[in-house]
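Please view the sequence and the model together while reading.

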Amino acid sequence: MKPMMTKWTRRSIQLFAASVISLSVLFSWAPAAHGEANPAADASTAAVKGTASTEFRQQWEDWLRTNAYALDTIQPAATKDGQPAEGSFADLDMLKPLLLDKRIVYLGESSHGVAEFNSVKTRLIQFLHQELGFNVIAFESPLGNAATAFGNVKTKTPEEILKTSIFPQWHTKETLPLFQYMKETQATEQPLQLAGFDMQPMGPILAGDWMKDEDLNARYTEAERSLWKWMSSEDLAAFAKEKPNLLKLYQDMKAKVSEQEKTLAKQYPDNPHLIAMMNRMLDDRIRLIDEYIELSIKANVTAQEGDYSGMMKMMEWRDQAMADNLLWMATEIYPTEKIIVWGHNTHISKATSRMEQSFMPEGRFMGELMQNTMFGPYSYTIGLYMGSGTSADNLGETFEVQPLPANSIESLMKSANRPYTFVDLRYAEKSPGSSWMSEPRSALYFGMLPEVFVPREQYDGILYIDQVKAPAFLK
């Protein structure tokens with residue numbers, strides 16, 4: 001089933017563009033009020049009506065009450081010198097047999113702006129680090145910014161590291177404990193390392209005296225600040241004139257990094273992979289200038305006419321780049337480490353191309369691309385969903401989570417009658433009670449937009465938080 005391009009759907013894509021593709025895209029959007037007509041929700045309900053017969057609902061609920069796991073808390077464990085108290089993760093022991101042989105664990109989220117998602121993912125990271133030896137946390141955030149921020153992890157405050165490493169949607173009080181914990185672990189035998197895998201820019205991170213070239217430093221700083229301007233532009237001709245200068249500038253930067261490796265490494269002493277990551281970041285910039293910005297400009301033009309296919313092409317390009325970066329890190333930078341990935345459900349889902357109804361293009365996204373690598377069998381993907389409350393978009397605006405569609409994933413998880421519920425899909429035995437996993441189900445994307453997919457095709461496990469609220473953003 002292909003997406004219906006209604007006025008409501010177009011607005012939803014604008015929201016997605018602002019929340020997932022680009023922090024610079026502004027939008028005008030208001031969620032449908034509870035009780036108002038919702039064409040996408042109606043389509044979602046119709047799409048699953050034939051296979052989601054209500055006669056099985058009682059069996060599904062009975063199975064969930066018996067087989068779903070309840071978390072005692074979603075709050076991160078209190079630690080001293082990077083060590084939690086004994087027994088802090090007893091309720092997560094059920095994850096050990098599922099994850100013991102895995103190299104990559106993906107932690108998704110149906111919306112970036114949920115306080116409880118930030119808290120529970122921090123706690124899961126603590127557990128994975130302490131109990132299963134996962135020593136790298138890779139964010140859906142700029143590769144270069146995460147690398148340089150971690151390069152000063154021992155001397156900067158947790159809040160400074162957070163604000164300079166990851167995108168602003170996670171600059172929250174609920175995410176800060178992760179960076180406090182990360183900093184504490186640097187003095188232990190098992191430090192938690194920070195990385196990013198996104199190719200998008202977030203400021204002139206390499207500006208500084210290390211270049212010993214004032215002119216290059218000024219040109220680089222200006223170029224970095226211009227990238228979002230070009231990505232928001234509709235003037236392809238103007239960009240075509242500037243493109244050769246930008247490409248030359250970033251080639252000059254690569255030469256300067258090579259020339260000043262020792263000086264640059266000394267500036268960021270806590271990250272032994274700093275030089276390799278800076279070269280990777282500059283390669284990403286060159287590709288962004290050579291290909292991505294042109295896609296972005298064309299998408300901005302066609303979007304004015306209600307055609308969002310260009311934005312979809314941008315998304316596919318970005319996810320391919322993120323998959324390339326994550327694969328590079330897993331094979332070249334951390335070849336012996338276990339990695340935790342933090343990103344949106346869309347990016348970590350295992351088979352987005354097989355979704356029956358989606359607001360995305362019909363291509364493959366990062367999670368699916370990674371499934372087709374050597375790491376596919378040795379990864380575990382957890383999707384996070386919410387039942388009710390409020391969420392926030394990347395601009396900090398709050399909105400109400402929409403009512404749960406009948407027989408949706410969230411409505412089934414809610415029937416377990418627990419505030420925090422986890423279900424394993426990958427290893428659960430097939431039975432009438434678990435048949436809901438293998439049939440098309442709807443789920444609310446960003447807590448608003450119904451998508452339809454087979455749960456088992458997209459996730460290995462689902463974590464459901466019944467009531468949520470928007471995060472407390474740091475000033």
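## Basis of the description

This is a predicted model, in which local features need pLDDT of at least 70 and side-chain atom pairs count only at pLDDT 80 or more, while totals for chains, interfaces and linings use all residues. Residues are numbered from 1 along each chain as its sequence is written, and side-chain values use heavy atoms, with hydrogens and water left out.

## Overall make-up

The protein chain contains 17 helices and 13 strands. Of the 475 residues in the protein chain, 60% are buried. Buried here means under 20% relative accessible area, exposed means over 50%, and partly exposed lies in between, with a 1.4 Å probe and protein chains only.

Among contacts in the protein chain with a separation of 6 or more, 80% join residues 24 or more positions apart. A contact means heavy atoms within 4.5 Å.

## Nonpolar cores

In soluble globular proteins, nonpolar side chains tend to be buried together. A nonpolar core is a set of buried Ala, Val, Leu, Ile, Met, Phe, Trp, Tyr and Cys residues joined through side-chain atoms within 4.5 Å. The largest such core has 84 residues, of which Leu206, Met277, Met366 and Trp436 touch the most other members. Helix 12 (residues 274-303) supplies the largest share of this core, 14 residues. A second, separate core of 51 residues includes Leu162, Ile340, Trp342 and Tyr380.

Leaving aside residues up to four places away in sequence, Leu206 touches Met211, Tyr220, Met253, Val257, Leu264, Met278, Met281 and Leu282.

Helix 9 (residues 214-231) packs on helix 12 at an angle of about 30°, with the axes 9 Å apart. Axes are lines fitted to C-alpha atoms, for helices over the stretch in contact, and angles run from 0 to 180 degrees between N-to-C directions. Helix 9 and helix 12 are therefore roughly parallel; angles under 35 degrees count as roughly parallel, over 145 as roughly antiparallel, 65 to 115 as roughly perpendicular and the rest as oblique. On the helix 9 side, the contact involves Tyr220, Glu224, Leu227, Trp230 and Met231. By class, the contact of helix 9 with helix 12 comprises 10 nonpolar, two polar and two charged residues. Ala, Val, Leu, Ile, Met, Phe, Trp, Tyr, Cys and Pro count as nonpolar, Asp, Glu, Lys and Arg as charged, and the others, Gly among them, as polar.

The axes of helix 10 (residues 236-259) and helix 12 come within 10 Å and cross at roughly 175°, which makes helix 10 roughly antiparallel to helix 12. Residues of helix 10 in this contact include Leu236, Phe239, Lys243 and Met253, and those of helix 12 include Ile275, Asp283, Arg285 and Glu294. The contact of helix 10 with helix 12 divides into 13 nonpolar, two polar and seven charged residues.

## Helix 6 and its surroundings

Helix 6 (residues 143-150) is mostly covered, since eight of its eight residues are buried. The buried residues of helix 6 pack against strand 5 (134-142), helix 7 (158-165), helix 8 (176-185), strand 6 (193-198), helix 12 and helix 13 (309-333).

With helix 12, the axis of helix 6 comes within 9 Å and crosses at roughly 160°, so helix 6 and helix 12 are roughly antiparallel. Leu143, Gly144, Ala147 and Thr148 of helix 6 meet Leu274, Met277, Met278, Arg280 and Met281 of helix 12. By class, this contact of helix 6 with helix 12 has six nonpolar, two polar and one charged residues.

## Individual loop residues

Most residues other than glycine have a negative phi, and most peptide bonds are trans. Asn407 has a positive phi of about 60° although it is not a glycine. Asn407 is placed in the loop between strand 9 (398-400) and helix 16 (409-414) and counts as buried at 8% relative accessibility. Phe446 likewise has a positive phi, near 60°. The loop between strand 11 (441-445) and strand 12 (449-453) holds Phe446, which is buried with a relative accessible area of 1%.

Leu395 lies in the loop between strand 8 (379-392) and strand 9 and is partly exposed, with a relative accessible area of 40%. Leu395 and Pro168 are 227 residues apart in sequence and 8.7 Å apart in space, C-alpha to C-alpha.

Conventions: Helix = DSSP H or I, 4+ residues; strand = E, 2+ residues; numbered from the N terminus.
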